[in-house]
Amino acid sequence: MFAPTARPDVLALRASQIREVANVGMARKDVLKFWVGESDQPTPAFIREATAKALMEGETFYTHNLGRPDLREALGAYLSRLHDQPIAFERLGITSAGVNALMLVSQAVVSPGDRVVVTTPAWPNIVEIPRILSARMETVALERAQGLWRLDLDKLMTALTPDTKALFLNSPNNPTGWTLPAEDRAAILERCRKYGIWLITDDPYERLIFGPGKSAPSFLPLAGDDERVISTNTFSKAWRMTGWRMGWMVLPRSLVDTMGVVIEYNTSCAPDFVQTGAIAALTEGEPHIAALRTELAAAKDQVVGALRALPGVQAPEPEGGMYAFFKIEGRGSSMDLAKDMIEKAAVGVAPGSAFGPEGEGWLRWCFANRPQTNAAGLERLKDYLGG
């Protein structure tokens, strides 16, 4: 008899340690939950109302593989405004979540045995998705300097060799909040051009930055419309739509038709009525995003400031996103510590080891919560540490 098991590369995938911690504390009503990357407030009413109306009017049918033309046109207009450069709707593909976009892109360009580079610590899905496809992963670790996370550009350049198939970049980064400096883009893009490397960016936090500007630095304004540069994104973060599972890709023109075929054999298309909600988000959502950025900046100052005031705690400043990535000195395994904090303090955070070996010893706190929720969690952590 043959054992009913998956193939070795799938068996070797890391289970989500974030889920492991959440499973420990999810049933406890007293636990304050900071472990996943989402707001504690629902999707804005104008998006929910538009979607509910579309559902009740019967928008429940299959749509184009790449998404409805009206949504792709709205997305193209939004991205063109955001990046001050025309981005044609013909280059866009609508997906069933941002993580689905990453999987689809990987399926399209990554083959078994390909060498893929990713900066870490990183959201585990970015690392594990190419591994599902039997790729070889190499990581380039972020470093800490002057209270910030930083990428050593020389180390990245060394890792980008002629045998590299793809570079995955997540900026602003989950979990650290590191954001790629605008001045580093040209060198990275030129290196990828030189060796024919696919440059794939995961951009869910591009609007959620703490400095000036409309968004984090992007490669889209620098790249032509038919280069090996792909941006994947999601409606989850900037519009508080985590449960909606709606994302997109900006593709080189030559890949668009092929990607429609790949979508067909994965999900066929994104849900019809949810696409109506996405149009509302794109066309009416700027005031919401502005308010959210203000809220997150205040929450960042609240949480990072309080963490730094605790004895033995390191908390580098995030430049974007919705997370504080912090370390409590002398506390050992981040998984053991996260579970102990649930048991003894009723505080749920993500273990740094969930984001790769480079994250071991660190913890991630999602601060996209109401001020009183963050304050209550910080007080419990202070008591836990004996402060």
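Tyr 323 is buried, because its relative accessibility of 2% falls under the 20% limit. This residue belongs to strand E12, in a structure that is a predicted model. Strand E12 (323-328) also gives two or more residues to the largest nonpolar core, which has 40 residues.

**Surroundings of Tyr 323**

- Leaving aside neighbours within four places in sequence, Tyr 323 is in contact with Gly 37, Asn 174, Pro 175, Tyr 205, Lys 237, Pro 318, Arg 364, Trp 365, Cys 366 and Phe 367.
- Two of these partners, Gly 37 and Lys 237, are also among the residues that lie nearest the centre of the largest pocket.
- Another partner, Trp 365, is among the residues with the most contacts inside the largest nonpolar core.
- Tyr 323 and Trp 35 are separated by 288 residues in sequence, while their C-alpha atoms are 9.8 Å apart in space.

**Nonpolar cores**

- In soluble globular proteins, nonpolar side chains tend to be buried together.
- Not counting residues up to four places away in sequence, Leu 381 touches Leu 307, Leu 310, Phe 326, Ile 328, Met 341, Val 347 and Trp 365.
- Another core, of 29 residues, lies apart from the largest one and includes Leu 133, Ala 135, Ile 230 and Ile 263.

**Aromatic rings**

- The whole structure contains 13 aromatic pairs.
- The rings of Phe 325 and Trp 362 form a stacked pair, because their centres are 5.5 Å apart and their planes meet at 10°, under the 30 degree limit for stacking.
- Phe 325 is in strand E12 and Trp 362 is in strand E15, so this pair ties together parts that are 37 residues apart in sequence.
- Phe 325 is buried, with a relative accessibility of 1%.
- Trp 362 is likewise buried, at 1% relative accessibility.
- One aromatic cluster is formed by Tyr 78, Phe 235, Trp 239 and Trp 248.

**Pockets**

- The largest pocket holds about 830 Å³ of space.
- Its lining has 35 residues, and Arg 19, Val 36, Gly 37, Trp 123 and Lys 237 lie nearest the centre of this pocket.
- The elements that each supply two or more residues to this lining are H2, helix H5 (98-109), helix H6 (124-132), strand E9 (229-234) and E15.
- H2 gives the most to the lining of the largest pocket, with three residues.
- By residue type, the lining of the largest pocket comprises 14 nonpolar, 13 polar and eight charged residues.
- The second largest pocket has a volume of about 160 Å³.
- Residues lining the second largest pocket include Thr 179, Leu 180, Ile 209, Phe 210, Ser 215, Pro 217 and Glu 319.
- This second lining divides into eight nonpolar, three polar and one charged residue.

**Cavities**

- The model has three cavities of 30 Å³ or more.
- The largest cavity has a volume of about 130 Å³.
- This cavity is lined by 13 residues, with Thr 201, Asp 203, Pro 217, Ser 218 and Phe 219 nearest its centre.
- Seven nonpolar, four polar and two charged residues make up the lining of the largest cavity.
- Pro 217 belongs to the lining of the largest cavity and also to that of the second largest pocket.

**Two further residues**

- Asp 70 is placed in helix H4 (residues 69-83).
- Asp 70 is partly exposed, because its relative accessibility of 36% lies between the 20% and 50% limits.
- Asp 70 and Trp 123 are 53 residues apart in sequence and 32 Å apart in space, C-alpha to C-alpha.
- Ala 3 lies in the segment before helix H1 (8-11).
- Ala 3 is exposed, because its relative accessible area of 57% is over 50%.
- From Ala 3 to Trp 244 the separation is 241 residues in sequence and 37 Å in space, C-alpha to C-alpha.

Notes: Residues are numbered from 1 along each chain as its sequence is written. This is a predicted model: local features need pLDDT of at least 70, side-chain atom pairs count only at pLDDT 80 or more; totals for chains, interfaces and linings use all residues. Side-chain values use heavy atoms; hydrogens and water are left out. On a 1 Å grid over the protein atoms alone, a cavity is a set of points where a 1.4 Å probe fits but cannot get out, and a pocket is an open set with protein on both sides within 12 Å along at least five of seven lines; lining residues have an atom within 4 Å of a point. Grid points are joined across faces, edges and corners, and a volume is the space filled by probe spheres set on the points. Ala, Val, Leu, Ile, Met, Phe, Trp, Tyr, Cys and Pro count as nonpolar, Asp, Glu, Lys and Arg as charged, and the others, Gly among them, as polar. A nonpolar core is a set of buried Ala, Val, Leu, Ile, Met, Phe, Trp, Tyr and Cys residues joined through side-chain atoms within 4.5 Å. Buried means under 20% relative accessible area, exposed over 50%, partly exposed in between (1.4 Å probe, protein chains only). Helices (H or I, at least four residues) and strands (E, at least two) are DSSP runs, numbered from the N terminus. Contact means heavy atoms within 4.5 Å. Rings of Phe, Tyr and Trp (its six-membered ring) pair if their centres lie within 6.5 Å; planes under 30 degrees apart count as stacked, over 60 as edge-to-face and the rest as tilted.
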